Amino acid sequence: MKKKIILTGAGGCMRELLWQIEEQNKREERWEVLGYVDISDEYGTVRVGEKEYPYLGSDDFLLARQKETNVVISAGSSGLRKRIAEKLQKNMYLQFPNLILSDTCICSDVQMGKGNIISMDCRISTNVSMGNFVFLNMGASVCHDGILSDYVTLSPDVRLAGNVSVGAGSELGIGARAVQGIRIGSETVIGAGSMAIRDIPDACTAVGVPAKIIKQRKEA
């Protein structure tokens with residue numbers, strides 16, 4: 001039986017997730033998308049592939065719901081995802097299932113909270129722990145004993161070696177890498193294509209091979 005869900009946002013991230021849901025439903029019908037919410041109706045009805053998805057209203061539409069409703073927060077930005085989640089969780093009727101899409105490979109002992117998005121072609125190895133509202137974009141992989149805290153974002157094709165921890169709200173750009181056993185702090189950005197070979201502190205931006213800090217936003 002398909003579960004009914006509503007997606008937030010109207011940007012490319014949301015439309016790409018709609019496509020992945022469609023692809024998954026071709027194999028096994030899991031999700032029925034009722035529509036999407038956004039701050040305005042600028043986009044109107046959204047078309048992805050052969051299907052159209054209606055605009056349902058702003059966040060107030062969800063905040064006013066008085067029956068159990070599954071919601072997927074489809075925002076690629078860690079900060080935006082956090083702001084939306086904190087707002088919507090004020091309504092106790094809203095639920096945030098983990099959206100695990102097609103062609104993923106996830107070990108049975110992986111632990112995860114709520115509201116996580118695991119995109120197609122992701123790989124998550126043994127004894128990995130994930131918090132809430134983590135987003136793994138297409139092709140990302142996490143090796144053994146990894147820790148991903150709340151609101152972490154892994155862009156497409158990010159690769160984390162074993163025993164890597166990533167702090168809350170951090171974002172790793174497309175194709176970024178991290179070697180075995182390092183810690184990436186909270187609210188930190190690792191640039192696209194960068195290679196983290198040593199610990200990276202909180203609240204900074206690091207880029208390059210090897211990754212070097214180019215911006216420190218506050219004391220770690």
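Helices (H or I, at least four residues) and strands (E, at least two) are DSSP runs, numbered from the N terminus. The model is predicted, so local features need pLDDT of at least 70 and side-chain atom pairs count only at pLDDT 80 or more, while totals for chains, interfaces and linings use all residues. Residues are numbered from 1 along each chain as its sequence is written, and side-chain values use heavy atoms, without hydrogens and water.

Helix α3 spans residues 78–88. Its residues S78, R81, I84, A85 and L88 are buried (under 20% relative accessible area, 1.4 Å probe, protein chains only). Viewed down the axis of α3, the buried residues fall within an arc of 130° (taken from the directions from the helix axis to the C-beta atoms), so they line one face of the helix.

A pocket is an open set of points on a 1 Å grid over the protein atoms alone, where a 1.4 Å probe fits, with protein on both sides within 12 Å along at least five of seven lines; lining residues have an atom within 4 Å of a point. The largest pocket has a volume of about 230 Å³ (the space filled by probe spheres set on the points). Its lining has 13 residues, and G9, D38, I39, L80 and I84 are the closest to its centre. Four lining residues come from α3, which gives the most.

Strands β25 (residues 204–207) and β26 (residues 212–216) run antiparallel, joined by four bridges (pairing needs at least two DSSP bridges). A206 stands opposite I213 in β26. The two strands form a hairpin with four residues between them. In the turn, G208 has a positive phi of about 105°.

Notes:
Buried < 20%, exposed > 50% of the residue type's maximum accessible area, 1.4 Å probe, protein only.
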